[in-house]
Amino acid sequence: MADIALNERLAAMLSRAGIGDKKAFAELYDATKSKLFSVSLRIVRERHLAEEVLQDSFVSIWNNAAGYATAKSAPMTWMTAIVRNRSLDLVRRPRLELQDEEEFFTLNLEDESLGPQDQLVQARDKSRIEHCMKGLDGEQLQSVSLAFFQGLSHSEVAEHLGRPLGTIKTHIRRGLLRLKGCLES
Amino acid sequence: MKLNNPELISRLASEYVLGTLRGGARRRFVQLMQHDAALREAVATWEAHLTPLADLVEPIAPPRRVWNNIEARIGATAASNRSNAETNQNAAGNAISGGGFWGSLPFWRGLGVVGSTAAAILLAATLRSAPVAVVSPDPMVVAVLEDNGEARLIVEQPKSGYVMVKMVKPWNGPDDHSLELWVIPKDGAPRSIGLVSDSVDTKLIKTDMDVRLTDGTLFAVSKEPKGGSPTGAPTGAVLCKGVIARMPAKTSPPRPGQGQI
């Protein structure tokens, strides 16, 4: 998301959507839908729930696009945060059965073809956070990744890795501190 | 209550953004954030740090229907702008077919299904209405009347004595019948409010309404012979219907950096 040109384009689409430009809003959706759908799907783990999250998120984005200017964050960050928060709100409800990774991918991740917009989003520079993630210890990296990408709670990460809850909490706390140090350096 | 320890603020914000702050703690954190600029700033900082990680996921294209639904919902937004209503999201209504409607009132009233279009319209009306919350002593009554999930009319009662019927989607059928608007109390027979246009807004003066317009009261439009129902009760097919929602609007503007709207 460090891609300045892309973020500028997205910001322009957002501000046009903020004044009711549906065409700009449709472009914004096309440019970001596949990333955001994937982000949600990994957390909520069921296609129909991820579809619901994406719908609700984009209706919110439409209704609040005019207020985006004050958000002070990059457009993709702003939209991703909306999608992630809605996804996390959903899994806060009775925890969905965790499926075996492999089964999960077979069941849920059959893809539809990517347009050029998607590839553009995919190609953007993400080296900084990647670089910092690589600085984490093995279990720190695993714990932080499971929490972030799969939406697992502390105890779910502990269960998944077969480690005590306290250990996982420490991994995550230290992992986040190290990331912060790296990203702010 | 306010958090003062910067380290604690940063730690909570980081776990909120990471997603490991859960359940009651997460809800509480969101509440605190509403009134605490330092928390919002910490969240914004952590969002800027962590959220770009999401870029690492392989994109997966959502099915086309997602966009269709979004479009329908924001289309409803545009329609509701005309209503300028201060309402809540408790709109309800459901789709049924014409003829058997009047005989089956209790059945579908019990369902309490919230029509998604109606809910979207009322939510949008709430979000898009006056930016500040206005608590009116006499809250406006609003109902979105739907046909098979598609909004056709919005009924408003800004104050007692008259009812505004706003056209969302005109019928434009042959002019050999009349459309009649009915109000149906929770436990009673339909009462006529008057005839409505099938293509433009209609204002109906109604000073002798003996039905209390409360939550759950229903509006419906039936197709009647020219001039209205000959019997004083609905005789024809139901063209659209919707349940009343009323409540003073109470919305707060979206908070920057919160990422949850």
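Predicted model: local features only at pLDDT ≥ 70, side-chain atom pairs only at ≥ 80, totals over all residues.
Me: Why is C240(B) called buried?
Reply: C240(B) has a relative accessible area of 1%. The cut-off is under 20%, so C240(B) is buried.

Me: What makes C132(A) and C182(A) a disulfide?
Reply: Their sulfur atoms lie 2.0 Å apart. A disulfide needs the sulfur atoms of two cysteines within 2.5 Å, so C132(A) and C182(A) form one. A search of the whole structure finds 1 disulfide over all chains.

Me: Which parts does the pair tie together?
Reply: C132(A) sits in helix α7 of chain A, residues 127-134. C182(A) sits in helix α10 of chain A. The pair therefore ties together parts that are 50 residues apart in sequence.

Me: Why is the disulfide of C132(A) and C182(A) called left-handed?
Reply: The torsion about its S-S bond is about -75°, so the disulfide is left-handed.

Me: Why is R174(A) called exposed?
Reply: R174(A) has a relative accessible area of 53%. Exposed means over 50%, so R174(A) is exposed. R174(A) lies in helix α10 of chain A.

Me: Which residues form a positive surface patch?
Reply: K169(A), R173(A), R174(A) and R11(B) form it. Helix α10 of chain A, residues 165-183, gives the most to the patch, with 3 residues.

Technical notes:
Residues numbered from 1 in each chain as written. Chains lettered and ligands numbered in written order. Heavy atoms only, no water. Patch = residues over 30% accessible without salt bridge, like charges linked within 9 Å, V, L, I, M, F, W, Y side chains within 5 Å. Areas by Shrake-Rupley, 256 points an atom, 1.4 Å probe, with all protein chains shown as cover. Salt bridge = Lys/Arg side-chain N within 4 Å of Asp/Glu carboxyl O. Lys, Arg positive; Asp, Glu negative; His and termini not counted. Charge placed at Lys NZ, Arg CZ, Asp CG, Glu CD. Helix = DSSP H or I, 4+ residues; strand = E, 2+ residues; numbered from the N terminus. Buried < 20%, exposed > 50% of the residue type's maximum accessible area, 1.4 Å probe, protein only.
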